[in-house]
Amino acid sequence: MTRWLRVLLAFGLLVGLAGTAEAVTRGGTLTYARYADSLLLDPVFNDANVDIWILTNLYDTLLQPTADGKDVQPGLATGYSVSDDGMTFTLKLRQGTKFSDGSPITADDVKWSLDRARNPENHIWGFTLEGIDSVEVGGSDTIILHLKHPDPTLASALATFNSAIMPQKLYEATPGATEEEKAKAFAEHPIGSGPFMFDSWQRGTEMVIKRNPYYWQMGEDGKPLPYLDEVRFVVIPDDATRILKLQAGEVDGAEFIPYTRVAELKNDPNLDMILFPSTRVQYLTVNVRPTLKDGKPNVLADPKVRQALNYAIDKKAVIKVVTHDVGKPMVSFMSSATPMAVNNGPVYPYDLEKAKALLKEAGVAEGTEVSCMGLAGNADETAILSTVQAMWAQVGVKLNVEYLDNATRTARYRAADFQMRVAAWTDDIADPSEITSYFAYFPNIESLHGGWEDKKVDALFEASQKEVDKTKRAEMYKEIQQTYIESAPIMFLYESPYPVALRKQVKGLNKIPLGNNIFSGAYVEK
Amino acid sequence: MSLNYVVIRLAQIVPTFFLIMVVIFVLVRLLPGDPTSAILGIHASNEAVARINAELGLDRSIPVQFGLFFEHFLRGDFGDSINLKVPVMSLVLERLPVTLFLTVFAALLAVVLAVPMALLAAVRRDTLVDNGIRAGFQVGLSMPVFYIGIVLLTFLAAKLRWFPVGGFGHSFGEDIYHLFLPALTLALSLSAVLMRNLRSSIIDVLDAEYVDFARAKGLRNRLVLGRHVLRNALTSTVALFGLNIGTLFGGAVITESVFAIPGIGRLLIDSIYGRDYPVIQGLTLVLAVLVSLVFLATDLVQAWIDPRVSHR
């Protein structure tokens, strides 16, 4: 029953922390400038961060990620327990909860929602709930998950957007011949049980969500959350305009502030320039196959060459040039904010001599050429590539850069028709399994389509997916990461935070390392 | 000019339209990349990509896809946006008025700026006034649209707070207020083109004998300029104006991005990046029809101004 205790402790800590804060303001509207609009407000059929990062404001989940994004806390379930053999996962449902239309949330809604989310035919997120064999309603307040194998990721998965609880009857009454058509129709005017409820949406321009009067969670003042009456999302894709709008006081907050403007906005007395910790890592994906798609031999197939080029990158300089010093060097392939990330300091610290020696050892001739795909018109990628180009020139390696548009680049990436590409990753789930399955576990997508394969890593990953003992699982992850770092199938660059600028009057807004914007605790001081 | 002429010109739009439809349909599919990359992100598995491609019918041959598209088109159905998951027609109808408003507003502003200034510059030819006007418009012509936009936004909106920073209003009055800066941004380069052209036409006309005659008749200067000079000088400028409306739509694409205006320009950019085939097709066709109609209107206006221009 230690899990119950942990969940309770986390919750107690949260309430405790909240108690020390200053008095909150209730009511009013918060206008938030986004870089792009949402696409589909369905927990299961959505595809993109523009949806994922606001969905949980509309749809509540059984468990919720903690504020630091590393653990879970109670949501629509007050807690959970796992049987001794790890094969049964029992959740206690919070009583008296309602959807935003006032209808009660029943155990049947929960079962139906989880079954819908884990159905592999329903889009791409089913993998997070793959461990569930069947969902059983054990009475009005109990949900029992029977598992195919012990599943250490399940608690995190139940706190992830796709396992949100939806109203079965309302959804089923929605017109649509296929599941996807129904999802589209329902998402036009979604009803969930999150702190906010959908109000209106003019695509590409503005979306308004209003306070859900039935939300269960209590605020610092002992009354139900959220504090705000409504949140207005306005879509302003141009960075400069988004910032101008904030400075003119026309919006209360703006996301994705370019790194070049962070220092300037920090000095603006009317603004709070916040760098929310994130799980975002920026790196170069490397194709490690012996021959490239065009039939030419690939010098990067040799781990020594990859190690050398990693040593030849001055991460601090890259961070300075690209992020204006808001980033930090990577410590593993996963971000330091990801649970179970190893952290023995930055990997491959800048060392030109070591780089040269390794290249010599590998027999790499002066003037050897390598290539990397970059995103055309993207300032960050251009800065990364020109900096790395200059650094590798010092060890006699010439970097050729190809700038492509995103769709073209993705097509070539999928076809493994590349030598390197600039890439970034953000976790969707508070667990190391997602990133590891993409970066290191060959059977998923051939390790970022780079072709890196280590049978031992694959076996360790498979075992770790069934290992419920946290310490043992962490040990497995330690070994996976050490092997990966040693072999260097990527060029490690940096971790970077989420830059969000808010008017000084805005308090309590949180963006967890997974990227989710949490508006339930936000308020605007008068 | 006859009604016949208008009907024939309208009928000519049909084959042009079909040709554009085929070319765009094939071209977008020849571009590397596919909509699934925008839908699934870069980390999707090959199975997921294949499944989505099959759902979208993108695994069939291009002629088959075109046949299906054309069949739907004849029923007035442009298909659904792949990324936004709503019917293309509803998107276009929602966004087109905004872009039309912006371009018409910009065109009007361009004329209001260009015509009096061109007259003044031509009449005061080679004086300080003329040179000043030409230099001023030259600046408008040589600066990129997005830069003008940012400069106007920074000073007139963010600093002085005379105008809102981008966005779109909820009523006609609000729209005028919101769209003034973007329309001005768009209008500046067009007005420079029009001003330069009109100025030199006016100078040519001013030297004509019938102008001397009108003056000799004792007509007042204002009447000479308005009735005899401007009307004759306008013919080539009207043609130029019509040709530049297409460019104005192009400029609207950038202006809409800078000023966060939800028009079809921004939709077009997003749909190209996202390889949202149905939206690219729908928008291109709508723009093609619009530009064809503007060209037709230009010809008609030209004939109205100058009866020597005849249409048979």
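## A tour of chains A and B

Start by selecting residues 259-266 of chain A: this is helix α8, which lies across β12 and β19 of chain A and runs at about 135° to β12(A). Helices (H or I, at least four residues) and strands (E, at least two) are DSSP runs, numbered from the N terminus. The angle, on a scale from 0 to 180 degrees, is taken between N-to-C directions of axes fitted to C-alpha atoms, for helices over the stretch in contact. Residues are in contact if their C-beta atoms, placed from the backbone, lie within 7 Å.

The model is predicted, and local features need pLDDT of at least 70, side-chain atom pairs count only at pLDDT 80 or more, and totals for chains, interfaces and linings use all residues. Residues are numbered from 1 along each chain as its sequence is written, while chains are lettered from A and ligands numbered from 1 in the order in which they are written.

**The open sheet**

Next, show the strands of chain A in the order β8-β9-β10-β1-β11-β19-β12: these seven form an open sheet with mixed pairing. Strands pair if DSSP finds at least two bridges between them. At the edges stand β8 (196-202) and β12 (271-276) of chain A, each with a single partner strand, so one side of each has no neighbour in the sheet. Now pick β11 (residues 253-254) and β19 (residues 498-503) of chain A, an antiparallel pair with two bridges. Here Gly253(A) has Leu502(A) in β19(A) as its bridge partner. Then select residues 49-58 of chain A, helix α2, which lies across β8 and β9 (206-211) of chain A at about 130° to β8(A).

Move on to residues 368-375 and 397-404 of chain A. These are β15 and β16, which pair in the parallel sense over eight bridges. Highlight Gly374(A), and you will find its bridge partner in β16(A), Tyr403(A).

**Where chain A touches chain B**

Which helix of chain A gives the largest share of the side that touches chain B? The contact takes 32 residues from chain A and 39 residues from chain B. On chain A, β10 (230-235), α7 (239-247), α13 (406-414) and α15 (442-451) each supply at least two residues. The largest share, seven residues, comes from α13(A).

Stay on α13(A) and colour its buried residues: Ala407(A), Arg409(A), Thr410(A), Tyr413(A) and Arg414(A). A residue is buried with 20 or more other C-beta atoms (placed from the backbone) within 10 Å of its own, exposed with 12 or fewer, and partly exposed in between. Just after α13(A), Ala416(A) has a positive phi of about 55°.

**Lys455(A)**

Now select Lys455(A), in helix α16 (residues 455-464) of chain A. Lys455(A) is exposed, with 8 other C-beta atoms within 10 Å. Its C-alpha atom is separated by 8.4 Å from that of Phe442(A), 13 residues apart along the chain.

**Last stop: chain B**

Finally, show chain B, with 12 helices and zero strands. Its C-alpha trace spans about 85 × 55 × 35 Å along its principal axes. Of its 312 residues, 38% count as buried.

Terms used. Two residues are in contact if their C-beta atoms, placed from the backbone, lie within 7 Å.
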